[in-house]
Amino acid sequence: MQPFEIKKDIFWVGAVDYDNRDFHGYSLSPAGSTYNAYFVNDEKKVLFDTVSASATGALLCRLAKLLPLEKVDYIVCNHLEQDHAGALAEVVARCKPEKIFCSQLGLQSMAGHFNIEDWPVQAVKNGEEISIGKRTVTFVETRMLHWPDSMVSYIPQDKLLISNDAFGQNIASTQRFADECPQEDFMHTIKEYYYNIVLPYSPQVLKAVPLVESLDIDMIAPDHGLIHRGKASCRFILDAYRTMAEQKPSRKALIVYDTMWHSTEKMASAIASGLEEVGVPVRLMSMKRNHHSAIMSELADCGAVIAGSPTHNNGILPLMAAMMTYMKGLRPKNRIGAAFGSYGWSGESAKILHEWLASMGMEMPADPLKFQWTPKHECLKACHEMGRTVGEALKKKCAE
Ligand code: FEO
């Protein structure tokens, strides 16, 4: 396990986790993730962030290739979530740092997770600067991007921003730089990460992007995945974040559904044909075939969500209930919604889904559509019409 020099005297000392498949509900399948930590070798020897507890050995091993562990002077904790701080107690015990820096709110999290009575913790203020020798480090709070304690570290002498979770991706790879990854694959992982982690904090992103743009940087080093190297790469990720945060409507629809005996599935296909007829591309995603994370990633390109479930025990099928809970928590904005479902006798599902989508602030141009038993011609015709209605509403919204 070797450290990797990303700039002169600045090293990646993180860990690649090929096995993790779940990040609080966000599926990391099939690739896992990478926990990045960075070491700066100046007059003060500084470690920026740690890794998850399971990867402690990898971090310490890489660090020990650069210096005896007890020579580490400072540890900076940009964020106390356990994928970056799980190793902290052991790292502190081994390195015995002179100081540990975190944000004011990070201090509360740190005290909540660890016994820090004997730790030399210094909570820094937003904009506070420290000298580490030839370099300085400026700490900038990025509250709720994506935790209250989150901050980033800026080293102007190296034009380097250590950005913690912001601008990351869940990629497990021996590559370290984004420009080594095919652009299309990379953009997919960026969207997947944003739509499963960062989306609720889009208002904070829209404040953070101009702030980062005001810094003289040519490298953004996140705590997950690949590093953005060079001004063009930094520009690319900042533009991508601004676009994703703005959530301008896209002329594409997503039909997400579950089905019991294929009736709701037939309704979904008929709705799709209506969308196609008015020239709106559509993606059908069955809950039986797709993880809720993949559906959220698809939503990045879709301005309309049409949700379907048969009625089950006076409610909706459990995979759709999980999907609605997950989607609502991630707070998508600026979408059009519609709901449908088949039923045998009580028929509540379409109304329940309609209310879920409306509660996310979606415009609902069509009434919930429900049909009993196996859909016949009249039902499929109405579904087709729903597709047309949603498609026309979406085209109008995109033209505004
Ligand atoms: Fe908020 Fe990567 O942890």
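This is a predicted model: local features need pLDDT of at least 70, side-chain atom pairs count only at pLDDT 80 or more; totals for chains, interfaces and linings use all residues.
Let me begin with the helix packing. Two packed helices are described by the angle between their axes and the distance between the axes. For helix H5, residues 183-198, and helix H7, residues 231-246, the axes come within 11 Å and cross at roughly 45 degrees. That angle makes H5 oblique to H7. The crossing of H5 past H7 is right-handed.

Which residues in H5 and H7 meet? On the H5 side they are Gln183, Phe186, Met187, Ile190, Lys191, Tyr193, Tyr194, Tyr195 and Val198. Their partners in H7 are Phe236, Ile237, Ala240, Tyr241, Met244 and Ala245. By class, this contact of H5 with H7 has 13 nonpolar residues, one polar and one charged.

The second pair is H9 with H10. Helix H9 spans residues 292-299 and helix H10 spans residues 318-329; their axes come within 10 Å and cross at roughly 50 degrees. H9 is therefore oblique to H10. Here, too, the crossing is right-handed. From H9, the residues His292, Ser293, Ile295, Met296 and Leu299 meet Met323, Tyr326 and Met327 of H10. This contact of H9 with H10 divides into six nonpolar residues, two polar and no charged.

How many cavities of 30 Å³ or more does the structure hold? There is one, and the volume of the largest cavity is about 70 Å³. Its lining consists of 13 residues, with Thr142, Leu145, Val152, Ser163 and Ala166 nearest the centre. Strand E14 (151-155), strand E15 (160-164) and helix H6 (202-213) each contribute at least two residues to that lining. The largest share, three residues, belongs to E15. In the lining of this cavity, eight residues are nonpolar, four are polar and one is charged.

Finally, the open site. The largest pocket has a volume of about 330 Å³. It is lined by 17 residues, and those closest to its centre are Met260, Thr311, Tyr343, Gly344 and Trp345. Which elements each supply at least two residues of the pocket lining? They include helix H8 (263-277), strand E21 (311-312) and strand E23 (336-343). As for residue class, the lining of the largest pocket has six nonpolar residues, eleven polar and no charged.

To close, I return to the two linings. One charged residue is found in the lining of the largest cavity, whereas the lining of the largest pocket has no charged residues.

Definitions and conventions
Residues are numbered from 1 along each chain as its sequence is written. Side-chain values use heavy atoms; hydrogens and water are left out. Axes are lines fitted to C-alpha atoms, for helices over the stretch in contact, and angles run from 0 to 180 degrees between N-to-C directions. Helices (H or I, at least four residues) and strands (E, at least two) are DSSP runs, numbered from the N terminus. Angles under 35 degrees count as roughly parallel, over 145 as roughly antiparallel, 65 to 115 as roughly perpendicular and the rest as oblique. A crossing is left-handed if the near helix is turned anticlockwise from the far one by less than a right angle, and right-handed if clockwise. Contact means heavy atoms within 4.5 Å. Ala, Val, Leu, Ile, Met, Phe, Trp, Tyr, Cys and Pro count as nonpolar, Asp, Glu, Lys and Arg as charged, and the others, Gly among them, as polar. On a 1 Å grid over the protein atoms alone, a cavity is a set of points where a 1.4 Å probe fits but cannot get out, and a pocket is an open set with protein on both sides within 12 Å along at least five of seven lines; lining residues have an atom within 4 Å of a point. Grid points are joined across faces, edges and corners, and a volume is the space filled by probe spheres set on the points.
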